[in-house]
Amino acid sequence: MEWETIIGLEIHTQLATQSKIFSGASTAYGAEPNTQACAVDLGLPGVLPVLNEEAVRLAVIFGMAIEANIAPYSVFARKNYFYPDLPKGYQISQMDHPIVGVGHLDIEVDGETKRIGITRAHLEEDAGKSLHESFHGLTGIDLNRAGTPLLEIVSEPDMRSAKEAVAYMRKLHELVRYLGICDGNMQEGSFRCDANVSVRPKGQKEFGTRAEIKNINSFKFVEKAINHEIERQIELIENGGKVVQETRLYDSVKDETRSMRSKEEANDYRYFPDPDLLPVLIDEAFKSQIKANLPELPQAKKLRFKTDYQLDEESATILTTSRPLADYFEATLKTATSEPKLCANWITGDLSAALNKAGLEITDSPISYERLAGLLARISDNTISGKIAKQVFEELWQSTATADEIIAEKGLKQITDTGAIESIIDKIIADNQGQVEQYRSGKDKVFAFFVGQVMKEMKGKANPAEVNKLLKAKLQG
Amino acid sequence: MHTKSLTELAHGLRSGDFSSVELTQHFLNRIKKHQDLNAYITVTEEIAIQNAMAADARLTRGQVEPLTGIPIAQKDIFCTLDIKTSCGSKMLDNFIAPYNATVVEKFNQAGAVHLGKLNMDEFAMGSSNETSYYGAVKNPWNINTVPGGSSGGSGAAVSARLAACATGTDTGGSIRQPAAHCGITGLKPTYGRVSRYGMIAYASSLDQGGPMARSAEDAAILLQTMAGFDPKDSTSVDLSVPNYSEGLNNSLAGLRIGLPKEFFSNDLNSDMAAKLETAINEYRKLGAEVKEVSMPNLRLAIPAYYVIAPAECSANLSRFDGVRFGYRCENPVDLSDLYTRSRGEGFGKEVKRRILMGTYALSTGYYDAYYVKAQKIRRLISDDFKNALTEVDVIMGPVTPTPAFGIGEKIADPIEMYLSDIYTIAINLAGLPALSIPAGFINDLPVGLQIIGNYFTEDRLLNIAHQYQQVTDWHQHTPKGFE
Amino acid sequence: MSLTANDVTQIAHLARLGIDKQDIDSYTKDLSGILDLMTQMSELNTDNVDPMAHPMDQVQRLRVDTISEQNNREKFMSIAPQAEAGLYLVPKVIE
């Protein structure tokens, strides 16, 4: 039987605020256990939550970026369950009135664009951490993370393969970092994914029973975990079994998912509006203030790059996936007064390759946009040829000198002096009479030979256009 | 000294008739002498003397506020830094609060003397103070009767003069009912007027702290310190606080009093009705006009309240899990055992009953039928009050169906106990301010008159109560043996 | 409306509330009685009524995003039933 896979993702992004969503404790990662858990985070008797404005602002930014409705009225609710990393015995979350409504995100898979629906995104507080390394057989609880603001982004069950799920997750990861609402650090748990996976016979309308795979925290594992889960479900059904609705945990070491004991029993979360918090009203003024300061979104930026700079689809896409990269491009362009296309080619080509090789982000590039602009300017004004430029680029990467300094020091300046080029051409024509004859008898291809010889003689510093022009004239006699 | 009003005490301290240390010692002695009342859970003798010495120093420097050097006591629901804060529960018997409630902080800044923590129904759930882990409080008017609850310790302490005044909290009548049973003045302010930060939550959308004192004049002084916006409480209202003492002597001429016919039906005990009639006649003499109003949905206040309050409490009390503070059972075998036994052993019966009730009302399949329905009825009741308060300035009625009942009389029947809240809980659902003032005696037990006002009209309520207390002396009666 | 002892046991489990076996019947009776009281609410038609969650129609105030709380771990841990190495300890959690 042919099977179809249905995947929906719930992604938890920690919002990049200084303080927690309902308290004034720091959200910084990596502090000593429980040193950033204040009275409110610990759920001491009598404490009360007060909502962090920045968390609301960041959620609204996200909502605008996925073209979703921003709820004018949203409500915090208590989700009740007992777990030692949940100090109050309930999580403050949103149920009936999430802050961000229906939106979407476009992904590209195998050269095709697919629109993935986003059902909702809601604000909630993160839980603490259980440390399982043994304390005389006990579990240690660190509540530093408790109360860190989370935006839970829930997709529609629109993905049909692990590959699509990963593409969606990557795109979302790029977006939240682009927007600056989440640092995207997956090792530190800033960006976490739960996947709802089900299978159904191809052509069947109803969804199959789904299993939820919890906390898969790398792109690689998402793909592996989902593929593993798909296989497990198909095998199960084909052997006459039934998929049970349950929560499963992915074990990256064994590359398998297993049922989570702690979530075995069906929960009744008893959601109800949190009486300690009032409804959040987001008015037009709040929204327009955010809109005014909203960074240009990747989609809009891509369009602008294509129209304003005449870039092709591929360069425009690459340059606009990351805000720092796009900013680098535009800064370079502004400084260099060079051709946008040339600039784009250098950044998406040589620079990206070098960064990739060195494992660096654009923000850590050893070549500042000013220094790259200096190189591009010399290419544009014909001081150096493209070939020499690659040599200068190497020097730029290694040193702190400017392109001009490197060109001067290494004597790489392109020769545009017609007299000098002419004398070289004369010499080469004299030395290669056989080829001259061939050319004159109609073998145009030989022309390249002459260009090569001239360039070799001039160590690549001759202006190629000038060489072409002069050679043509001389060869035709 | 213990018979003096707050104004008189402040005057005595300022003019040097007695020091705060002397005054404090006097109250501490009385507390010791009358410990059989069981009004206090914790007496902070050393802290009280330290506070008094600091207040005396402040008095000599002339940096005086109305409560500087005055010995007061806190309901044991307010968190007090480094002092046991039990909330009347075994669950918190070992809980030394690591921070101060905003209200406590305000009293400290005012230079008040902290005598100790007052007994109360466990987690403020009760109308008789009998659900306290620390045992029932006795009513100073008759030690075989209850002082009311949940602020029963506060009611008894103020009535027996074991504190110059006290704080209470009111979720369904927990200030007004003990005030009525103990013959004192108790005010539940508008929801949001007094910070809830550090006040251990029972039902967050209903809880409100307020003053319990011997007179409206004293209550005004106490409220002045308690009231005000608190950025730590999202439900605190950012509205300036009027001077509550300033208008106490305003005339009541033309005051429009509404009497809800639902309060004065045939169900009302005839003795109680007679006492109320006498009190309302005093108001007529003071120039008030009296008319009947109707609030048809009041009869559903009890069921609505006993869904909403337990629902909120079922979540509010989940934090008591034996992990970070409070009671933990011995040798838990696993996590589930830790939770179940710590909570099962740490909470008393009434608290468990309400947690179960609330858990049920919020659970799948019942949420709409109970919780949402109750919230809708809450709206209708609130609208009833809003409508009535367009026709009249204040609403008057009984506080309790009867005077204080006997210890042990109702504790076995939770529903009968709940029904004794019938006149008070609707006010919490609406969030309105209301006070209870002494209005006479039935069988030597005090009865209270309830006065309900519009939002943020505490000043007017205090004025109305004070005027009555200028022409009556019910509030000046002291129970025998406590003079 | 009346509850069974089994209902009460289930609710108690949801609330992680230990109840002595011999008390279950009395809780069952009490809760059933309270539920009867609740059913009075169904007398009233509330179809077009907005549920009221708060006494006043107030709006959530927003806090400026600044760090106002400092480390107070020692004080907080001093009241913990069991703590070690800066961690709260509980019986082993099995995921």
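The secondary structure of chain A consists of 16 helices and 16 strands. The model is a predicted one. Along the principal axes, the C-alpha atoms of chain A fill a box of roughly 95 × 55 × 50 Å. The radius of gyration of chain A is 30 Å, whereas a compact globule of 477 residues would have a value near 23 Å.

Within chain A, one salt bridge joins the side chains of A:Asp274 and A:Arg78, with an N to O distance of 3.1 Å. The two residues are 196 residues apart, and the pair links distant parts of the chain. A:Arg78 belongs to strand 4 (residues 77-80) of chain A, while A:Asp274 sits in the loop between strand 15 (272-273) and strand 16 (280-281). Side chains of opposite charge can pair in this way when their charged atoms come close. Over all chains, a search of the whole structure finds 51 salt bridges.

Next comes the interface of chain C and chain A. Here 33 residues of chain C are in contact with 55 residues of chain A. The area buried between the two chains is about 4000 Å², and carbon and sulfur atoms give 60% of it. How many salt bridges does the rule find across this interface? The rule finds zero between chain C and chain A, although 22 residue pairs are in polar contact there, both residues being at pLDDT 80 or more.

On the side of chain C that touches chain A, the elements giving two or more residues are helix 1 (5-14), strand 1 (62-63), helix 3 (73-77) and strand 3 (87-91). The largest share, five residues, comes from strand 3 of chain C. By class, this side of chain C has 15 nonpolar, nine polar and nine charged residues.

Two backbone details remain. Most residues other than glycine have a negative phi, and most peptide bonds are trans. A:Asn34 has a positive phi, near 60°, and lies in the loop between strand 1 (3-14) and helix 1 (39-42) of chain A. In chain B, the peptide bond from B:Gly149 to B:Ser150 is cis, with omega near 5°. B:Ser150 lies in the loop between strand 3 (113-118) and helix 5 (152-159) of chain B.

Terms used
Residues are numbered from 1 along each chain as its sequence is written. Chains are lettered from A and ligands numbered from 1 in the order in which they are written. This is a predicted model: local features need pLDDT of at least 70, side-chain atom pairs count only at pLDDT 80 or more; totals for chains, interfaces and linings use all residues. Side-chain values use heavy atoms; hydrogens and water are left out. Contact means heavy atoms within 4.5 Å. Buried area is the accessible area (1.4 Å probe) that two parts lose on being put together, summed over both. A salt bridge is a side-chain nitrogen of Lys or Arg within 4 Å of a carboxyl oxygen of Asp or Glu. A polar contact is a pair of N or O atoms within 3.5 Å; within protein, one must be able to donate a hydrogen and the other to accept it, and residues adjacent in sequence count only if both atoms are side-chain atoms. Helices (H or I, at least four residues) and strands (E, at least two) are DSSP runs, numbered from the N terminus. Ala, Val, Leu, Ile, Met, Phe, Trp, Tyr, Cys and Pro count as nonpolar, Asp, Glu, Lys and Arg as charged, and the others, Gly among them, as polar. The radius of gyration is taken over C-alpha atoms; the globule rule is 2.2 Å times the number of residues to the power 0.38.
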